[in-house]
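Here's a quick tour for anyone meeting this structure for the very first time. Have a look at the model, then read on.

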Amino acid sequence: MNKIAVLTSGGDAPGMNAAIRAVVRTGISAGLDVYGVRNGYDGLIRGQWGYLSRRDVGGILHTGGTFLGSARCEEFYTLEGRQRAIEQMNAQGIEALVVIGGNGSQTGSYELHKMGFPVVGVASTIDNDLVGTDITIGVDSAINVALEAIDRLKTTAASHGRAFLLETMGRKCGYVALMAGIAGGAEVVVIPEQEIPPEEVAREVRAAYDRGKSHALIVVAEGAKNNARRLDEHFAAHPDAIGYDLRVTILGHVQRGADPTASDRLLATRLGEGAVRALVDGQRGVLVGLRGNRVTTTPLEEVAGRQKVIDLELLELARIMAK
Ligand code: F6P
């Protein structure tokens, strides 16, 4: 193996740049030429890539986003799209691919693997919902953004004796909401993994009010059925239900644009190095992740199309701490 390529795919995540840097520098150390693909699978289909030197990946370790660009590529869901991508790589002499991304992206990499192309995935998404890793690149930074927002909202909430509803990202999962909620001392955390009706959320907030708390914070994941919009509608229709005056903040993509924390830079560097090591060792069709603080590989077959189960004991912890 002489030539490999690396791409970032799906939603960007803080630490992707650090992972690209690790792939490039480890690859060069192993005697490989490394090509950076523009805009994820979209660029792969169109053969949009360039050779990356050690210097090309200098100065990006601390930056959020992905300097290669990323995309959600509909065409890659088709067999023709994937065949075109393989043809492009064969024509360039690219012998293996590193895919840095989350659930959808690793489903794509598994499809390439099934078509016989050597591929290794690197676990990266702010959702932390990938099977095969305890933690994904980007989630720590996203939690820290949410936490900073919580701290600030609590300050103003306390000044005014208000409740705040904060919605975090998390398409189908509540990891960011739950972790930020625990670290930030939320009164209620609402996540899709264990839905709670608006009446119960209101009861919890009202109980905090009755206990004399000066303010209350509800953290809700965007993927919850009762997301911020639905809860806000419910509370507006039942103005006395929660006791406090309510304000709503939806964080959205602010969480994705952070510079990576130390933890994300370290994780990305370890996983990027692990991906190249896996390829050099002859591993194919695996996801590189972290389990029990060790860099591990898991067959993409066990990862693709699945969602990691959240530890609901942590939700109980949030409830105990809120009392
Ligand atoms: O998968 C990561 C994520 O940030 C989700 O939390 C969110 O629902 C989604 O991406 C948003 O996607 P987009 O940036 O394409 O709007």
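Let's start at the ligand: one of its oxygen atoms sits 3.1 Å from a polar backbone atom of Gly-170. Keep in mind that what you're looking at is a predicted model. Side chains get involved with the ligand's oxygen atoms too, through Glu-222 and Arg-256. Here are these contacts side by side:

| Residue | Part of the residue | Distance to a ligand oxygen atom |
|---|---|---|
| Gly-170 | polar backbone atom | 3.1 Å |
| Glu-222 | polar side-chain atom | 2.4 Å |
| Arg-256 | polar side-chain atom | 2.8 Å |

How much of the ligand does the protein bury? On its own, the ligand would expose 400 Å², and the protein buries 76% of that. As for where it sits, the ligand takes up the space of the largest pocket.

Now for the neighbours. Around the ligand you'll find Arg-72, Ile-126, Asp-127, Met-169, Gly-170, Arg-171, Glu-222, His-253 and Arg-256.

Where the domains are in contact, domain 1 puts in 14 residues and domain 2 puts in 12 residues.

Which domains supply the shell around the ligand? Domain 1 and domain 2 each contribute at least three residues to it.

Technical notes: Residues numbered from 1 in each chain as written. Predicted model: local features only at pLDDT ≥ 70, side-chain atom pairs only at ≥ 80, totals over all residues. Heavy atoms only, no water. Near = heavy atom within 4 Å. Polar contact = N/O pair within 3.5 Å; in protein donor to acceptor, adjacent residues only side chain to side chain. Areas by Shrake-Rupley, 256 points an atom, 1.4 Å probe, with all protein chains shown as cover. 1 Å grid on protein atoms, 1.4 Å probe; cavity = no way out; pocket = protein on both sides within 12 Å on 5 of 7 lines; lining within 4 Å. Sits in = over half its atoms within 2 Å of the grid points. Domains from an automatic or database assignment. Contact = heavy atoms within 4.5 Å.
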